[in-house]
Amino acid sequence: MKRTWMIFGAPLFLLGLLTGIGATLILPTEGGETSSSTGSAASDEPRILYWVAPMDPNFRRDEPGLSPMGMELIPVYEGEAASGSFVEINPAVINNIGVRTARVHRQAFSQTVNAVGYVRLVDDLTSVVDVRSEGWIENLPVAAIGDQVEAGELLFSIYAPDIATAQSEYLQAVRTGRQVLIDASASRLLALGMTSGQIQALARRGRPAAQTSILSPRSGIVTELAVREGAFVRPGNHIMTIADLSEVWVIVDVFEDRIAQIERGQTVRITTGAQRGREWIGEVEYVYPTVDPQSRTVPVRIRLENDDLSLRPDTYVNAVIEAEPRTGVLMVPREAVIRTGQSERVIIHDGEGRFQPARIVTGAESNGMVEILSGIGEGELVVVSSQFLIDSEASLQGVMLRMSPPGEIAGSGHQTDPSARNEQVGGVGVVDSLMAGHGMIDITHEPIEALDWPAMSMSFLALEGVSLDAIAIGDRVMFTLQQDNGNWRISAIETLEDDAMDHSGHQMPADEAEDANPHAGHGDHQ
């Protein structure tokens, strides 16, 4: 009894797609053998070159088995390897599955950050009123929260025995005429909360007052009131708070992954549901250096004029922060990007029915567009619909992921100049696995500064005519890369002897290494 694969729950549709693509669909039989759905005779069946993992085309083996994810390896046949760097689809199939493409282009990039926040009092326009000596509040003209007061206006009167005693001592010092005693007594009255004007009035009056008046330190609104007439108060009790609301702070919470786009001086538009149709314009005054551990947001402060007192403390607001626009930013539509847990990629279309996945690094997003930092170049075509289907087919066929674009991306620092595509780039690494007969090699290489590649493990194909027969797994090699159809291929490779390294552990220049070991074998670097 034969078994078929259920792919995406729609085997007939995928079979039609694969037929349109020209791929060979392999059907396992009971005996473990495979048969071709193309109807070719068994004797005409192409030779299997190697097996690849369905979800990772860079994982290749010489024999069937399981991938690291536990999936059966997929065979790659002779004839497919020549076009193994792309998926080729019949134009009729492209039309039937609705493939749409967009050109990678540069444009002005203007990004906005939306956030919510609330209105707060300005700290340096707020005063707290309390007492410096215990006593009883005898008179309280300020009756309620919201009362407006002027600077120097009476807030309340207090009978404080300590202040009354200090006044008598001050008057006694004045009668003695000794300036040292007068100054000491006046200093004590100041420490107990009297003002210089009140002390001068006491000297003119010549007798102590039963009550001491507490005056407003600023003009503003009473926002807090914690006492009533007759209340006993002592130092440390909070009596009231007076705030000038002609200016207010708006504190908005920006998610930490967007805070890098916020800078001081950027324009902010503020709206509130309480006053629809009205908008306040301000600037970012301060970006706080801490992150809220619960909401994972960073507070951003904006200062606004509020002469009509329409923005009330604790009012919720919506804020739109406008980042400075940038020009010449490389962009693609957001729907073109395929995101996985480990990487991001797009599907490149060469305009002639051939498709290839390419790994990219994205930046900011705005208005349905995504910034491209590296991976593709200006002018290339990317697929914006049906790309997931093509990406799945690329995985099934073992299509190699393009690791770098053919062109430069300005400002990214990751690509080479288009005029230098035929130039060769050298690297040093250790061979992890090898299929010399097929020109395939896996190398864990050191950083390659010319391409801005970090140290990592990569799979490479050798150019035609480059032999890997002299290379073995575990060899430390020096290799040269050259671009071929947008992919970096090995154009020369040779093993490194110990004397090809200087005493500091760095690679010696090629001419010095040759002088040090004239009998070492060389690859073709031309």
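## Salt bridges

The count of salt bridges comes to 17. This is a predicted model.

**Stop 1.** Select arginine 296 and glutamate 256. The two form a salt bridge, with the closest N and O atoms 3.2 Å apart. Arginine 296 sits in the loop between strand E20 (280-287) and E21, and glutamate 256 in the loop between strand E18 (247-255) and strand E19 (267-271), so the pair ties together parts 40 residues apart in sequence. Colour by accessibility next. Arginine 296 is partly exposed, at a relative accessible area of 38%. Glutamate 256 is partly exposed too, at 37%.

**Stop 2.** Select glutamate 322 and arginine 269. Their salt bridge has its closest N and O atoms 1.8 Å apart. Glutamate 322 is in strand E22 (residues 316-322) and arginine 269 in strand E19; the pair links distant parts of the chain, 53 residues apart. Glutamate 322 counts as partly exposed, with 29% relative accessibility. Arginine 269 is partly exposed as well, with a relative accessible area of 26%.

**Stop 3.** Select glutamate 371 and arginine 326. Here the closest N and O atoms of the salt bridge are 3.0 Å apart. Glutamate 371 belongs to strand E27 (residues 369-374) and arginine 326 to strand E23, so this pair ties together parts 45 residues apart in sequence. Is glutamate 371 buried or exposed? Glutamate 371 is buried, because its relative accessible area is 9% and the cut-off for buried is under 20%. Arginine 326 is partly exposed, at 34%.

**Stop 4.** Select Asp124, Glu247, Glu285, Arg301 and Arg303 together. A network of salt bridges links these residues.

## Two buried residues

**Stop 5.** Select threonine 297. Strand E21 (residues 297-305) holds threonine 297. Its relative accessibility is 6%, so threonine 297 counts as buried. Now show side chains. The side chain of threonine 297 makes a polar contact with the side chain of serine 295, at 2.7 Å. Which residues does threonine 297 touch, not counting those up to four places away in sequence? They are Asp253, Val254, Phe255, Glu256, Thr290, Val291 and Asp292. Glu256 is the salt-bridge partner of arginine 296 from Stop 1.

**Stop 6.** Move to valine 337. Valine 337 lies in the loop between strand E23 (326-333) and strand E24 (338-339). Valine 337 is buried, with a relative accessible area of 6%. Leave aside its neighbours within four places in sequence: valine 337 is then in contact with Val332, Glu344, Arg345, Val346, Ile360, Thr362 and Val370.

## A surface patch

**Stop 7.** Where is phenylalanine 232 found? Phenylalanine 232 is in strand E16 (residues 232-233). Phenylalanine 232 is partly exposed, with a relative accessible area of 33%.

## Zoom out

**Stop 8.** Show the whole chain as a cartoon. The protein chain has 7 helices and 33 strands. Of its 526 residues, 43% count as buried. Among contacts with a separation of 6 or more, 67% come from residues 24 or more positions apart. Switch to the surface to finish. The protein chain exposes about 27600 Å², and carbon and sulfur atoms supply 50% of it.

Key:
Residues numbered from 1 in each chain as written. Predicted model: local features only at pLDDT ≥ 70, side-chain atom pairs only at ≥ 80, totals over all residues. Heavy atoms only, no water. Helix = DSSP H or I, 4+ residues; strand = E, 2+ residues; numbered from the N terminus. Buried < 20%, exposed > 50% of the residue type's maximum accessible area, 1.4 Å probe, protein only. Contact = heavy atoms within 4.5 Å. Areas by Shrake-Rupley, 256 points an atom, 1.4 Å probe, with all protein chains shown as cover. Polar contact = N/O pair within 3.5 Å; in protein donor to acceptor, adjacent residues only side chain to side chain. Salt bridge = Lys/Arg side-chain N within 4 Å of Asp/Glu carboxyl O.
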